[in-house]
Amino acid sequence: MSRVQNVVVGSVRTALGWVPAQWLPGGTPDPLIERRAAIGRQASRLDGPQKVAGEARFAAEVAMDRLVYATLVHSPVTRGRITRLDTAAAEAAPGVTLVMTHRNMPRLGTLPLIGVSDLTAVGNSSLPIMQDGEIRYNGQVVALVLADTQEQADHAAGLIELDYAAETARTRFAEAKAGARTPASILIDKNHVSIGNAERELASAPYRVDYLYRTPGQNHNAIELHALTVAWQGEQLLVHDATQMVAASAAALAKLFGLKKDDVRVLSPFVGGGFGGKGLWDHQILAIAAARLAGRPVRLALSREGVYRIIGGRSPTEQRVAIAADAQGQFTALVHTGYSVMPPYGACPEQYTMGTRSLYRARSVEIVQRHIDLDIVPNTFMRAPGEAIGTFALESAVDELAHAMGVDPIELRLRNLPERHPISGAPFSQHALGQAYRDGAGRFGWERRKAEPGTRREGEWLIGLGCATGSFPYARMPGANVRLTLHADGTATVSCSAQEMGMGTATVQVQHAADRLGLPIDAITFEMGDSALPAAPMAGGSCQTASIAGAMAAAADKLIGELLRLAGNDTPLAGLRAGEVRFADAGIAGIAAPARHETFRSILARAGRETVSVTAAGSMPLEFLKFAMHSSSAIFCALRVSGVTGEVRVDRLLGSFDCGTILNPMTAASQFRGGMIMGLGLALTEETLFDERSGRIMNATLADYHVPAHLDVPEIDVMWTGIPDPRSPLGARGIGEIGITGVAAAVANAVFNATGKRVRELPITLDKLL
Amino acid sequence: MIPVGYVRASSLGAIPPMLAGDGHRLLGGGTNLVDLMRKGVERPSLLIDVTALPATIEEAADGGLVIGAAARNSAVAAHPLVRVRYPILSRAILSGASAQIRNMATVAGNLMQRTRCVYFNDVAGSRCNKRAPGSGCDAIGGFNRYHAILGASSACIATHPSDMCVALAALDARIRVDGPGGARTIPIGEFHRLPGDTPEIETALAPGEVIVAVEVPASPFAGRSTYRKVRDRASFAFALVSVAAGLTLDKERIADIRIAFGGVAPKPWRALQAEALLRGGPATSAAFEAAAAAELAHAEPLAGNAFKRELAKRSLSAILAELAGVSR
């Protein structure tokens, strides 16, 4: 991201400040906010029966004739080059169709990195993919074997002989800090924010905290491993992939392989967990290239270790947070700076200061992120990149300050809630963090917390309560398209390329379509997961639902016009214009005169049409540049720490969320809980063991990389304000990522309350509490 | 992946000749061996399935138990005699792995488990003297949070991962083996070996020998014995430190006592020094702490596992206090 971008985004924001709200998307609240029937109902997920019956087809399950199976060989060397490569034994092994190395891999360009300016740029790494004998990170793919069975491919892969000349690699975080870069922007925000003189305020304040917080690298562990089944038909390419970005992947693959856009079709109806990890990486390119060389359809499923080796995870960070307060507890300085890893060939800036920019007002602010360059597989987006670990540092510091001041930590937060966005000055579209705290504290029983740490004990166990704020910005992506088709029988089909990753996308959009079109849920079909359908943006930044909703609203507007035209004059609607009618009762009705109504069936029958179909794109998402649009949460945690062993056992978690309209309480609660469980892993167990001596990940298995087991997960209560956001489609803001934010700090703060020990380095393992 | 042969052993007598070939290995539940084969750590040429060997759990004449080599871990843990007379053994087994793995794993296989050292497991990228003798040890100076503070050598610092064996060590179990040299019995304390210069040799089994059964002698500790496992998550993680302990009291004095540690050494670590200090002495917190400190005085911690000395001391003191009913 560049200085130019800072200027552009800054200018747009400034200009939008002068534009009347009603001219913009979200200027007039979505009428469905007031008129909900299916939305907000506890609808069971539509794909549930398919999933439990094993009928949902995932990418690695698609059957194809003459299919061959791929196995990858990874470099154990971090930096260097291949000096000897002997594939003869592998090629001669039973069942082997192809051994592909840099010698015979088709010459390809590199993938443009994922960014905000080009929606077809979705690469996670801009390194060359098997184009030469150079090794650039540990785990890089150096060979691919195709064989008639997976076992034959695995066997042959072990017969490839490789020697390397290793060179010195950059692998040490602390040493690399000296060469850190300071990017001009972090995503679409200016990186360095400096208001007033924070260091001077810190030095003179009556109360201050100033500490370093450290978070480890983490890896993606979706249940479904990255996989694709791919076939060439002449110059046409068919890819069944596990991806969060169906349409953009198809466009990017067409560009990379020099194909016409319409000749690439990516199918991905179901994805077994994405979390930011299921983008475009080397394995898709390799499988597609191998399928072309072999002239056979190919299936490639990464091993669990393979995911660790070639799919990036969350960057480690070192963060400084300093807060100063005056005698009344008003923040006079807020400092959040630090280091994370982002090699120049990667795309994820691990935006850990984002929450800090919106959560508190302070007289002086100093925020800047610095990037370290290491020889690694590029780190990537991983559930609430930035906020998940940024809120750990910030919200631990707030708790430390509250303790130093002898003020209740909730009270201290409420005293410093901003009226407007603290950096941009933009008004909040909707913001009820205070209510989320009050509601959450009431249900959780916060009043039972003892302010003095280490004073509640049950046997060997020390009891502690803690809380913290979570935060995630609202966004809507440009490039969202939806096709609405009405059928002669009065049913409707919604079509867009988006995939179902388990969060309930199809279910919620069917609920939405039902209310938008005035139809019952069972009259709606949702077609998805196919790049041949109107393009949806990638599922990222918790903005898929709002983005599709915006496009569907636009399509519905267009459909009204089309239906009025078809209805002609021989209709109760005759003479009404598009702005004077709305969808109601399986048809169209006058707004002022609801009795003037005609059903879709009647309109289509009279017009002699089997279907009527419109496609529309969502409006430009300018609302979040004019308004400050953020979701926030209050996370509460009750836990025990063994006074003997330091083991931490979480007894209870509660999340109180302020995320606009909740579209489906069942799928939303599931999203929140899942995020909070991942937050528990972040707090207590998850850590990538990256051996800085070698640059190699040492715990590339689920046995050695600890995600929470069932027994680690307590009762989790979730609740929400449910206050609609007047500036977003349906009044909703994304909920996919906010669940993880704030949890690590709530746990750390509860550990402090239990023991009096402040742990500033995740994960909070027992040795840190002995 | 390497092609491998597979045969089922129909009787005990059939096994020793089968074992004679190069790379011939016994297969129980496969919960460890098959994993290691997938990683390329183990490369057997022939697997001899011994799950048809005796899996019975029978009462011995002396009031102890004889557990067949092929008995499943879950069957042992659930057996009424084990639960009543050896709760320490039942608890240890149930604190290991998951229900699914315990249903597969055999008693002999549990005894023969190999370390979970991440460098041992990393064939492609790491040096390991246990896996490739003489190649070096990347765990020293690397990630050694799970590694040994007692009994290790400059060649190897790996720990034995079993929970069951820690309880067996405290119970003075004996391993009944058979082979070319005839039947014999090996005390559990001599079954697993310390690494020294030959970390690749892990047990006292001679070539061709097969574990037939585990004998657990009658124990006076049933009423006052327990197993506590301290780990990084509440279940499905290996021990950082575990303690198996049992004692009998004669008024306020300790009549007899057994203590074994897991997670701190290349083998289940019988704390003989602590036992000797406590036997016949007062059952007080001070005595427990002094004995724990004496046992751990020989610990040689590394950067990643220095906390284990304190953790082991505290865990042992707390467990003994609990068993003796002494408030701390």
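Strand β16 (residues 331-341) of chain A pairs with strand β17 (residues 364-372) of chain A in the parallel sense, over 9 bridges. Within this pairing, A:Ala333 stands opposite A:Ser364 of β17(A). The model is a predicted one.

**The sheet in chain A**

Both strands belong to an open sheet of 5 strands in chain A. Its order is β9-β17-β16-β15-β10, and the pairing is mixed. β9 (193-195) and β10 (207-215) of chain A each have a single partner strand, so one side of each is left without a neighbour in the sheet. On average, neighbouring strands are turned by 10 degrees against each other, direction ignored.

Helix α11 (residues 387-405) of chain A lies across β10, β15 (317-325) and β16 of chain A. Its direction is at about 150 degrees to β10(A).

**A helix pair in chain A**

Helix α18 (residues 665-684) of chain A packs on helix α19 (residues 743-755) of chain A. The angle is about 55 degrees, and the axes are 8 Å apart. That angle makes α18(A) oblique to α19(A). The crossing of α18(A) and α19(A) is right-handed.

From α18(A), the contact is made by A:Met676, A:Gly679, A:Leu680, A:Leu682, A:Ala683 and A:Leu684. From α19(A) come A:Val743, A:Ala744, A:Val747 and A:Ala748. No charged residues take part in the contact of α18(A) with α19(A).

**Domains of chain A**

The domain assignment of chain A gives three entries: domain 1 (35-56 + 476-620), domain 2 (65-168 + 223-273 + 278-310) and domain 3 (179-218 + 313-475 + 625-769). The centres of domain 1 and domain 3 of chain A, taken over C-alpha atoms, are separated by 38 Å. In their contact, 24 residues of domain 1 of chain A meet 20 residues of domain 3 of chain A.

On the domain 1 side, α14 (505-517) and α15 (544-567) of chain A each supply at least two residues. α15(A) gives the most to that side, with 5 residues.

**Contact between chains A and B**

Chain A puts 27 residues into its contact with chain B, and chain B puts in 21 residues. Helix α4 (residues 150-157) of chain A gives the most to the chain A side, with 3 residues.

**Residue classes**

The table lists the classes for the contacts described above.

| α18(A) with α19(A) | 9 residues | 1 residue | no residues |

Technical notes. Residues are numbered from 1 along each chain as its sequence is written. Chains are lettered from A and ligands numbered from 1 in the order in which they are written. This is a predicted model: local features need pLDDT of at least 70, side-chain atom pairs count only at pLDDT 80 or more; totals for chains, interfaces and linings use all residues. Axes are lines fitted to C-alpha atoms, for helices over the stretch in contact, and angles run from 0 to 180 degrees between N-to-C directions. Helices (H or I, at least four residues) and strands (E, at least two) are DSSP runs, numbered from the N terminus. Angles under 35 degrees count as roughly parallel, over 145 as roughly antiparallel, 65 to 115 as roughly perpendicular and the rest as oblique. A crossing is left-handed if the near helix is turned anticlockwise from the far one by less than a right angle, and right-handed if clockwise. Two residues are in contact if their C-beta atoms, placed from the backbone, lie within 7 Å. Ala, Val, Leu, Ile, Met, Phe, Trp, Tyr, Cys and Pro count as nonpolar, Asp, Glu, Lys and Arg as charged, and the others, Gly among them, as polar. Two strands pair if DSSP finds at least two bridges between them. Domain bounds come from an automatic or database domain assignment.
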